[in-house]
Amino acid sequence: QLLDCSGFTFRGCTMYSNIANAHGGGIYAANSTGLIVNCHIQNNVASPSAGEAYGGGIHLTNGSWVIRDSLVYYNKAVSANARGGGAYFHNNSHALTNCLVLQNDALGAAGGGDGLWVGGSLEVQNCSIVGNKGQGVRGTATSTIRDSIFWGNVDDLANANGTLLYCDLQNPEAGTGCFSA
């Protein structure tokens, strides 16, 4: 758990099979900035005894983070109000580059962003968001997603405000230069 940290770096880390009693099974950061690079965020669970579960693998709130060259897979957020099985981004701006977001789940949620839930600004580039149990990306904030692949999700994008540029989508969405192949 990181609170009020500036310039923190996770490099070459594996966050595996952790359980949080609320948010951020693998990583939880609030009011912090940093970098997550070359990391595996795998098989983590956010599962409170009551209330909300946000970010099975990663929960980033009120900060600015860059995640690159990392794997976020097989994570779960479990509650009646679960959001972001793989990662939950809340407030401020974040970036996800050259990452694989695979087979994450927000269990018990009526549309909780099984891969990613975005409640802040998120820039996604050169990522594969595949095989998540529900939506690939869901949220209430603005996202720019470019040169990325969405495949095998129940729904690639749901309630996600933003711009799609040159993406390969299994479920066709409006966007510049997007295709389904």
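# Exercises on rings, salt bridges and sheets

A search of the whole structure finds 5 aromatic pairs. The structure is a predicted model, in which local features need pLDDT of at least 70, side-chain atom pairs count only at pLDDT 80 or more, and totals for chains, interfaces and linings use all residues. Residues are numbered from 1 along each chain as its sequence is written, and side-chain values use heavy atoms, with hydrogens and water left out.

**Exercise 1.** Classify the aromatic pair formed by Tyr 73 and Tyr 74, and state whether Tyr 73 is buried or exposed.

Solution. 
- Step 1: apply the criterion. Rings of Phe, Tyr and Trp (its six-membered ring) pair if their centres lie within 6.5 Å; planes under 30 degrees apart are stacked, over 60 edge-to-face, and the rest tilted.
- Step 2: take the geometry. The centres of Tyr 73 and Tyr 74 are 5.5 Å apart with 65° between the planes, so the pair is edge-to-face.
- Step 3: take the accessibility. Buried means under 20% relative accessible area, exposed over 50%, and partly exposed in between (1.4 Å probe, protein chains only). Tyr 73 has a relative accessible area of 13% and is buried, whereas Tyr 74, at 38%, is partly exposed.
- Step 4: turn to the cluster. Phe 8, Phe 10 and Trp 65 are linked into a cluster by ring pairs.

**Exercise 2.** Describe the salt bridges of the structure and the exposure of their residues.

Solution. 
- Step 1: apply the criterion. A salt bridge is a side-chain nitrogen of Lys or Arg within 4 Å of a carboxyl oxygen of Asp or Glu. The structure holds 2 of them.
- Step 2: take Arg 68 and Asp 69. Their side chains meet at 3.8 Å, N to O. Asp 69 is partly exposed at 33% relative accessibility, and Arg 68 is partly exposed at 31%.
- Step 3: take Arg 146 and Glu 123, whose side chains meet at 3.6 Å, N to O. This pair links distant parts of the chain, 23 residues apart: Arg 146 lies in strand β21 (residues 142-146) and Glu 123 in strand β18 (residues 116-125).
- Step 4: Arg 146 is partly exposed at 25%, as is Glu 123 at 31%.

**Exercise 3.** Give the strand order of the open sheet of 7 strands and name its edges.

Solution. 
- Step 1: Helices (H or I, at least four residues) and strands (E, at least two) are DSSP runs, numbered from the N terminus. Two strands pair if DSSP finds at least two bridges between them.
- Step 2: read the order, which is β3-β7-β12-β16-β19-β22-β25, with parallel pairing.
- Step 3: find the edges. β3 (14-16) and β25 (168-169) each have a single partner strand, so one side of each is left without a neighbour in the sheet.
- Step 4: examine one pairing. β16 (residues 100-102) and β19 (residues 128-130) pair in the parallel sense over 3 bridges, and Leu 100 stands opposite Ser 128 in β19.

**Exercise 4.** Repeat the analysis for the open sheet of 4 strands, then locate Gly 51.

Solution. 
- Step 1: the order is β4-β8-β13-β17, with parallel pairing. The edge strands β4 (19-20) and β17 (105-107) each pair on one side only.
- Step 2: β13 (residues 76-78) runs parallel to β17, joined by 3 bridges. Lys 76 stands opposite Asp 105 in β17.
- Step 3: Gly 51 is in the loop between β8 (45-46) and β9 (52-54). Gly 51 is exposed, with a relative accessible area of 52%.
- Step 4: Gly 51 and Ala 82 are 31 residues apart in sequence and 9.0 Å apart in space, C-alpha to C-alpha.
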